[in-house]
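The following explanation leads through a two-chain model from local features to the contact between the chains. Please keep the sequence and the coordinates in view while reading.

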Amino acid sequence: MKTHKHLIRCNICEAVNNDHKKIEVCRRCQHPISKNLNISYHKTLAFLITAIILYIPANIYPILISKQLGINSESTILGGIIHLWEAGSYPIALIILLASVFVPLLKFILIIYLLITSKYQDSSSRVDKHKLFYITETIGPWSMVDVFVVIILSVLIHFSGIKIYPGSGATAFALMVFFTMISALSFDTRLITNKGNSINANT
Amino acid sequence: MLSNQELDNLIICKKCHTLHEKISLHNKGKALCSKCNIVMYQEDNKMIDKTLALVIAAAIALVIAFLFTIITINIKGLEQSLTLSSLFVVLAEHQQYVVGVMFLFLIVLFPIIIIASMLILLTLMKLKKGGYLSKRLLILIAHLRPWSMIDIFFLSLLVAMVKLFDYANIELGISFIAFIFTLILDIIVTKSIGFYELWKLHNEIYGQINEDS
């Protein structure tokens, strides 16, 4: 009774379901629960790769462009953080550093770790991995802070002499956050629970 | 294989996925996960009325937050104010369509849909009508919850204000205060009523709808 093996939690309505091989929808909300864990695995991986690719232009291209008396100056995410740090506003620099550099990287690493350990047997505990996944889901949207700050600044600093506007880095960054969130949402927690077995069967 | 009744008596912790058997709680009791100590479910016999009141207040605050000026800055006599409509005008002017559309959904549409669905859902539950509609609304809210980023928008607003602090005078608008109220009410609502409680109330009010097919 206390075993977890044949029970799964619907991630939409949180109902406990029997995990028989022929289950297709959640018994309460009819949300499809895929029979094939491979689909979830590959979806997560595909979205993750898209996000990692988008992370490169997000860092290379300027996220913020300011136009002062006809002169353009561009700043990337890292450039902006360094600028803030030099200007002495350490708390803001830390918030931006945390939200736009550490959170996405942490998410990439956590999802990769969870995907790899679902393929191979390992000794780490399931409870810890469930907690890691919970963290991944919770911190996800907070990396949008930088994009929103740029948008708010572009509305407020909108005079004839000086203008700030979002660069193409902002678009790439917003899409990156979007894809990491989809990646985390398409990760099936059964990949943690029954590690190895059902996945290796038909790869 | 367990029957539906047996399954209803079980709960899996959302954080650490530990399986628990449910115990009955006295009024205003809370059940915590034995492994990671987060609240799994709670009991309160006035839950619908309390939450409905909070959601109505949150809806009013949200409407005010979206309609009026959030902040106004003043740099050497030049004034510029931030409202939701000016935000979309500026984004369209700079041709940032992707960011604009994402902003529209994440900050405006999803929070409005979530609050409106909560309002309709709780009203239906109070009147004990519309079992099917309330079930659809519950599923809709569950799908949209992770995508509502109004709290993150508020943090960004604070960051932007600190950045502008040295150069400009900042005046807080009506919407700024309304935003604070929306966020506080939202936190109280999510703390006091989870999906577990909503589904339990749904089952109690409309009976077990899921016939085994």
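Gln95(B) is found in the loop that joins helix 3 (84-93) to helix 4 of chain B; helices (H or I, at least four residues) and strands (E, at least two) are DSSP runs, numbered from the N terminus. The model is a predicted one, in which local features need pLDDT of at least 70 and side-chain atom pairs count only at pLDDT 80 or more, while totals for chains, interfaces and linings use all residues. Residues are numbered from 1 along each chain as its sequence is written, and chains are lettered from A and ligands numbered from 1 in the order in which they are written.

Although Gln95(B) is not a glycine, its phi is positive, at about 60 degrees. Most residues other than glycine have a negative phi. Gln95(B) is exposed, with 10 other C-beta atoms within 10 Å. Here a residue is called buried if 20 or more other C-beta atoms lie within 10 Å of its own, exposed if 12 or fewer, and partly exposed in between, with C-beta atoms placed from the backbone. Lys28(B), likewise not a glycine, has a positive phi of about 65 degrees. The loop that holds Lys28(B) runs between strand 2 (19-21) and strand 3 (30-32) of chain B. Lys28(B) is exposed, having 11 other C-beta atoms within 10 Å.

Chain B as a whole contains 8 helices and 7 strands. Its radius of gyration is 21 Å, well over the 17 Å that the globule rule gives for 213 residues, so chain B is more spread out than a compact globule. The radius is taken over C-alpha atoms, and the rule is 2.2 Å times the number of residues to the power 0.38. Along the principal axes, the C-alpha atoms of chain B fill a box of roughly 70 × 35 × 30 Å. Of the 213 residues in chain B, 29% count as buried.

Chain A has 8 helices and 5 strands, and from the N terminus on its elements follow the order β-β-α-β-β-α-α-α-α-β-α-α-α. Of its 203 residues, 41% are buried. Residues 24 or more positions apart supply 63% of the contacts in chain A with a separation of 6 or more, where a contact requires the C-beta atoms of two residues, placed from the backbone, to lie within 7 Å. The mean pLDDT of chain A is 83, and 89% of its residues reach 70 or more; pLDDT is the predictor's confidence in each residue, from 0 to 100. Over residues 195-203 of chain A the pLDDT is below 50, and this stretch has 12 contacts in the model beyond near neighbours in sequence.

Chain A is divided into domain 1 (1-35) and domain 2 (37-195), with bounds that come from an automatic or database domain assignment. The C-alpha centres of domain 1 and domain 2 of chain A lie 31 Å apart. Their contact takes 5 residues from domain 1 of chain A and 6 residues from domain 2 of chain A.

Within the loop between strand 1 and strand 2 of chain A sits Cys13(A). Cys13(A) is buried, with 22 other C-beta atoms within 10 Å. Leaving aside residues up to four places away in sequence, Cys13(A) touches residues of chain A including Cys26(A), Cys29(A) and His31(A), and residues of chain B including Leu138(B), Phe195(B) and Trp199(B).

How many residues of each chain take part in the contact between chain A and chain B? The contact joins 47 residues of chain A to 49 residues of chain B. Helix 5 of chain A provides the largest share of the chain A side, with 10 residues. By class, that side has 31 nonpolar, 10 polar and 6 charged residues; Ala, Val, Leu, Ile, Met, Phe, Trp, Tyr, Cys and Pro count as nonpolar, Asp, Glu, Lys and Arg as charged, and the others, Gly among them, as polar.

The largest nonpolar core has 100 residues, and those with the most contacts inside it are Val147(A), Ile151(A), Ile152(A), Phe173(A), Ala174(A) and Met176(A). Such a core is a set of buried Ala, Val, Leu, Ile, Met, Phe, Trp, Tyr and Cys residues joined through C-beta atoms within 7 Å. Helix 4 (residues 97-127) of chain B gives the most to this core, with 11 residues. Domain 1 (1-35) and domain 2 (37-195) of chain A both give residues to this core, so it lies between them. Ile152(A) touches Leu82(B), Ser156(B), Leu157(B) and Ala160(B), not counting residues up to four places away in sequence.
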